[in-house]
Amino acid sequence: MTRAVIDPGSVLGVLGGGQLGAMFTLAALRLGYRVAVWDPDPEAPAHRVATYSFPGPFTDQQILARFVGLISVVTYEWENIPAELCRALEQRTLVRPSSAVLSVIQDRLEQKGFLASHGFPIPPFAILTAPDQLAATVRQVGYPALCKTATAGYDGKGQWRITRESDVREVERALSESARPGTRWIVEAVVPFERELSILVVRGSDGQSCAYPLVENEHDEGILRTTKVPAQAASGVAAGAAVLARQVVDRLEGVGVFCLELFELSGGELLINEVAPRPHNSGHYTLDACSVSQFEQQVRATCGMPLGEVRLLSPAVMVNLIGDEATTLEKRLGRRTLLAMPGAVLHLYGKLAIRPRRKMGHVTFLGETLGLALDHAQQFRDSLAR
Ligand code: AMP
């Protein structure tokens, strides 16, 4: 087990410069580190806060040489970065979580195969390698089913729902149109879940791990809208989720922050939807409602430092600002009114281009009780929707 410790003052590399990379960077700066951000998009939010900024393609060998020359360790802020880049970096420096972990996680088929082979609970699934096999593959898992691209899908992108046999033709056509050579898909049974939950686990380089409270999530068209913490689950469910999450990350031998997205069935049984090898949108509440945020834990785990004790300081509800909601907010509610709402903490990611479904910011509502936080979050959402 590697125990390499990276001291404050060192430069940490992060691949990907979205809001997760920016929040990681801010946490690292607060702990005395410097950060090199590599993201092809020059307007990616993390470039604004980086000590060293590399806005260029992940294939650029000159950037690779300069980046490696600066950094003591590398982490990443999303799983769709090229695994070959991580492998190349691993030849020359520490990568946490490792490229082996990234490879298992970034391909849905690999990930499901890994979880199934270790007996972890997941929805029934089958592999699809050619669109014309769709009907036969859906029959293996049953209707209704979801077809997802094995790689590069996120926030519900690259997903098709097949409710009945008559949908097959249309989805088959969509798959053929979007397929590239070698594209594979996973066909999954649609789970009749009661609720969607998630849980963060942090695992250090010494194998010690800790879990955050179980949270409850609401999605709309595959995209996270709201997170409530703590989840109002039976205590057995919350404890079971923490055990499951720690077991999965132990099996992966992952070093870093991980999030398990879960489906809760009517009897309280949990199925794993997916595992993320990084801080997660449903963990943004930790910035304002916990002793140590998921981003500080990412810094600590990446640098081989002891993990922080996890303490929930307040119930919280996190509401994402998606697409033009940040501007609607200005027009309808007014930032002044929002900032004056009890317990509201506003985060705007500074993205210049507003696009539908793009995550632009979030608001965390803290409350003495979850009920109070929910009331304020609901008032806020109502005023956005009016
Ligand atoms: P994913 O990109 O796999 O995280 O899926 C995004 C969202 O789609 C999830 O949060 C669920 O709301 C929904 N979803 C994904 N897979 C399933 C499934 N097997 N059954 C029911 N809903 C699903």
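# Exercises on a predicted model

In this predicted model, strand β16 (residues 316-322) is largely enclosed by the rest of the structure, because 7 of its 7 residues are buried.

**Exercise 1.** Determine which residues point each way from β16, and which strands pair with β16.

*Solution.* 
1. Ala316, Met318, Asn320 and Ile322 point one way from the strand, while Val317, Val319 and Leu321 point the other way; all are buried.
2. Strand β13 (residues 223-229) pairs with β16 in the antiparallel sense over 4 bridges. Within this pairing, Met318 of β16 is the bridge partner of Thr227.
3. Strand β18 (residues 359-366) also pairs with β16 in the antiparallel sense, over 7 bridges. Here Phe365 of β18 stands opposite Val317.

**Exercise 2.** Describe how helix α3 (residues 83-90) and helix α4 (residues 99-106) are arranged.

*Solution.* 
1. The axes of α3 and α4 come within 9 Å and cross at roughly 170°.
2. Angles over 145 degrees count as roughly antiparallel; α3 and α4 are therefore roughly antiparallel to each other.
3. Ala83, Cys86, Arg87 and Glu90 of α3 meet Ser99, Leu102, Ser103 and Gln106 of α4. By class, this contact has 3 nonpolar, 3 polar and 2 charged residues.

Technical notes
Residues numbered from 1 in each chain as written. Predicted model: local features only at pLDDT ≥ 70, side-chain atom pairs only at ≥ 80, totals over all residues. Heavy atoms only, no water. Axes fitted to C-alpha atoms, helices over the stretch in contact; angles between N-to-C directions. Helix = DSSP H or I, 4+ residues; strand = E, 2+ residues; numbered from the N terminus. Parallel < 35°, antiparallel > 145°, perpendicular 65-115°, else oblique. Contact = heavy atoms within 4.5 Å. Nonpolar A, V, L, I, M, F, W, Y, C, P; charged D, E, K, R; others polar. Buried < 20%, exposed > 50% of the residue type's maximum accessible area, 1.4 Å probe, protein only. Pairing = 2+ DSSP bridges.
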